[in-house]
Amino acid sequence: MSGFKSTDKYIASRDLEVAVNAAVSLQRPLLVKGEPGTGKTVLAHEVAAALGMPLIEWHVKSTTKAQQGLYEYDAVSRLRDGQLGDERVKDISNYIVRGKLWEAFESDTPVVVLIDEIDKADIEFPNDLLLELDKMEFFVYETRKTVRAKHRPVVIITSNNEKELPDAFLRRCFFHYIRFPDRETMELILQAHFPDVKQELAREALNVFFKLRDVPGLKKKPATSELLDWLKLLMIDDLDPEVLRSKDGAAVIPPLHGALLKNEQDVHLFERLAFLSRRGG
Amino acid sequence: MFAPFILALRTAGLPASVTEYLTLMGAMQAGVANYNIDDFYYLARTTLVKDERFLDRFDRVFGTVFKGLEPPDGIAVENLPEEWLKSLGEKFLTPEELAQVQAAGGFDKLMELLKQRLAEQKERHQGGSKWIGTGGTSPFGANGYNPEGVRIGQNESRHRRAVKVWDKREYKDLDDNIELGTRNIKLALRKLRRFARQGQATELDIADTIRSTAKNAGSLDLKLVPERHNAVKVLLFFDIGGSMDEHVRICEELFSAARTEFKHMEYFYFHNCIYERVWKTNKRRMESSLSTFDVLRKFGPDYKVVFVGDASMSPYEISHAGGSVEHWNDEAGAVWVDRVTHHFRRFAWLNPRPQKSWDHAASIGLVRQLVEDRMFPMTLSGIEQMTRELSK
């Protein structure tokens with residue numbers, strides 16, 4: 001079976017591979033959770049690339065309704081056309097605007113659908129999609145016809161855990177929690193993204209990064225995406241790895257920390273720690 | 001075939017259903033997992049666990065149910081890969097030992113020794129489930145090559161890896177020590193209210209519609225506003241008396257804050273642990289007490305429950321019938337906490353004791369387990385976490 005595997009750009013752990021392949025072969029949605037910045041959204045892109053299917057992205061916001069993914073009936077423009085006496089107004093299907101799922105269902109080739117950050121939407125959002133994701137079909141009330149998927153799409157759903165998802169929804173999904181990568185995996189990830197990084201720089205950067213993650217009380221721990229941004233900056237500046245090495249174990253504020261610490265309280269906290277350790281040492 | 005496993009999961013409180021069991025079987029049939037235990041573990045996890053909160057519990061159950069499988073057959077010592085032994089040696093040698101190695105005739109000699117030693121060990125541990133023991137001797141130092149040591153083999157041999165994965169149990173704890181005042185608590189508790197206009201646009205906003213239609217030169221522009229609905233109902237249980245006395249002030253603050261924040265709010269008192277009776281007025285606890293069963297019957301599962309207590313008591317008060325210090329309880333406190341947490345969908349335990357000291361009292365650990373780790377310190381960040389948990 002040609003399944004999903006780590007690529008030279010994206011390092012997937014074995015458990016993630018199993019989860020993706022299970023979801024693909026049983027044709028069920030895969031729900032992916034994990035700390036922000038661990039590559040949930042990127043996963044969908046990689047799966048699409050690995051399976052050679054086009055990707056349809058549906059980014060969910062707090063105002064998104066489930067119906068919008070299926071279709072919308074643009075009543076306002078019909079009303080306007082009615083006022084202007086347009087001929088189009090007689091056919092209601094002129095005012096049915098197709099959503100992302102409809103697009104995916106109508107596609108002639110199988111596609112990957114990404115429903116990004118499903119937890120941002122209203123609590124009823126997942127419930128409203130139960131049947132659609134289960135049967136991969138829905139009914140258009142205005143035109144009285146059923147839209148059925150030509151090929152069941154591969155559905156990948158991400159969540160940042162801001163809201164609990166209903167049980168009935170979870171029952172229909174496979175679930176994967178992306179654990180924060182350990183050091184070895186992180187080295188592989190760095191290798192994949194920056195094949196020509198200086199070994200020493202990468203090692204020191206990783207030291208600083210993991211030490212930073214260990215600082216208790218950080219509001220937002222830096223994650224993989226922050227590390228990648230930071231390392232890119234370091235490489236552009238062509239920084240000497242020596243600078244990153246902490247003198248006698250004392251905590252120092254890493255250069256260009258703006259890429260790692262995204263919260264001013266965190267920067268303050270870190271400055272205080274650095275100050276304390278300087279005074280202590 | 002795996003029915004006992006599913007049943008064990010359900011006993012452990014993991015909501016795995018027949019549907020998921022069938023899905024797992026389907027996935028096995030489709031050949032998603034290769035025929036090894038690692039893949040099976042991953043596949044079972046992705047099928048049966050639907051929330052990271054249950055991952056740890058799953059690991060524990062998996063560990064017990066499939067204990068017999070744990071070191072899969074093992075590999076003959078003769079076939080141990082050279083690099084594997086090398087990394088084992090490198091990992092566990094101190095500089096002094098390295099000097100000894102030099103004395104003994106270099107690295108290859110040491111590898112010979114190590115191989116021999118492993119072979120001996122295998123014979124001695126023939127019947128055991130682990131083929132590497134813990135009692136290393138001379139050239140390998142006191143640490144020897146214990147089961148931990150096998151982990152360094154994970155790059156080369158994946159055999160133990162899955163065991164390691166489900167034996168590794170991770171929790172994270174953050175602590176935040178901002179002092180609480182009434183104002184702070186109010187801020188945090190306000191999050192609990194869903195008074196705020198939230199949810200989907202459902203009501204027609206006539207004023208705005210008229211305004212924007214006029215702006216649009218008369219073509220109709222409909223404006224909608226989210227429907228206002230007040231869904232939050234809260235049930236508070238206060239621990240009163242005993243070791244809580246020092247925390248009474250801070251509890252009063254939370255209480256007074258909570259009181260003005262919710263429309264549907266009920267509170268009850270208990271002492272140390274919740275048992276078959278709770279009461280409404282502490283002074284007249286005898287007359288005002290009512291059965292906990294009645295409370296469960298009266299308040300629907302949609303109420304959000306907050307326990308406020310330091311959970312510091314003798315462990316018997318939780319674990320044993322008759323353990324209560326005040327009266328004879330027919331059923332253990334744990335049974336009652338379980339009953340409450342199973343009835344209500346969302347619950348949390350606020351603990352006024354500093355989070356650092358939680359590990360020192362056995363009873364706090366017990367209660368934390370009972371409330372599925374939803375215990376939060378009574379600090380601003382703790383309350384924030386709690387409200388987030390409750391309003392999920």
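1. Phe237(B) is buried, at a relative accessible area of 1% (buried is under 20%, exposed over 50%, partly exposed in between; 1.4 Å probe, protein chains only). The model is predicted: local features need pLDDT of at least 70 and side-chain atom pairs count only at pLDDT 80 or more, while totals for chains, interfaces and linings use all residues. Residues are numbered from 1 along each chain as its sequence is written, chains are lettered from A and ligands numbered from 1 in the order in which they are written, and side-chain values use heavy atoms, with hydrogens and water left out.

2. Over all chains, the whole structure holds 24 aromatic pairs (rings of Phe, Tyr and Trp, the last by its six-membered ring, with centres within 6.5 Å; planes under 30 degrees apart are stacked, over 60 edge-to-face, the rest tilted). Phe237(B) and Phe307(B) make a stacked one, with 5.4 Å between centres and 25 degrees between planes. Phe237(B) sits in strand S3 (residues 233-239) of chain B and Phe307(B) in strand S7 (residues 304-308), so the pair links distant parts of the chain, 70 residues apart (strands are DSSP runs of E, at least two residues; helices are runs of H or I, at least four; both are numbered from the N terminus). Phe307(B) is buried too, with a relative accessible area of 0%.

3. Phe238(B) and Tyr269(B) are tilted, 6.1 Å centre to centre and 40 degrees between the planes. Tyr269(B) belongs to strand S4 (residues 264-270) of chain B, 31 residues from Phe238(B). Both Phe238(B) and Tyr269(B) are buried.

4. Two arginines lie over ring faces. Arg213(A) is over Phe180(A), 3.4 Å from the ring centre (the criterion is NZ of Lys or CZ of Arg within 6 Å of the ring centre and within 35 degrees of the ring normal). Arg339(B) is over the face of Trp336(B), at 4.4 Å from the ring centre.

5. Asp81(A) and Arg88(A) form one at 3.9 Å, N to O. Asp81(A) is buried at 13%, whereas Arg88(A) is partly exposed at 41%.

6. Glu87(A) and Lys90(A) form another bridge, at 3.3 Å, N to O. Lys90(A) is exposed, at 64%. Glu87(A) counts as exposed as well, at 58%.

7. Asp134(A) bridges to Arg172(A), with the closest N and O atoms 3.2 Å apart. This pair links distant parts of chain A: Asp134(A) is in helix H7 (residues 130-135), and Arg172(A) is 38 residues away in the loop between helix H8 (167-171) and strand S9 (174-178). Asp134(A) is partly exposed at 31%; Arg172(A) is partly exposed at 28%.

8. In chain B, salt bridges link Arg346(B), Glu372(B), Arg374(B) and Glu389(B) into a network.

9. Leu79(A), Leu204(B), Ile206(B), Ile210(B), Leu220(B), Leu222(B) and Leu224(B) make a nonpolar patch of about 630 Å² (residues with over 30% relative accessible area and no salt bridge; nonpolar side chains, Val, Leu, Ile, Met, Phe, Trp or Tyr, are joined within 5 Å, like charges within 9 Å; areas are from the Shrake-Rupley method with a 1.4 Å probe, and for residues only the protein chains shown count as cover). Ile206(B) lies in helix H11 (residues 206-215) of chain B and is exposed, at 55%.

Methods:
A salt bridge is a side-chain nitrogen of Lys or Arg within 4 Å of a carboxyl oxygen of Asp or Glu.
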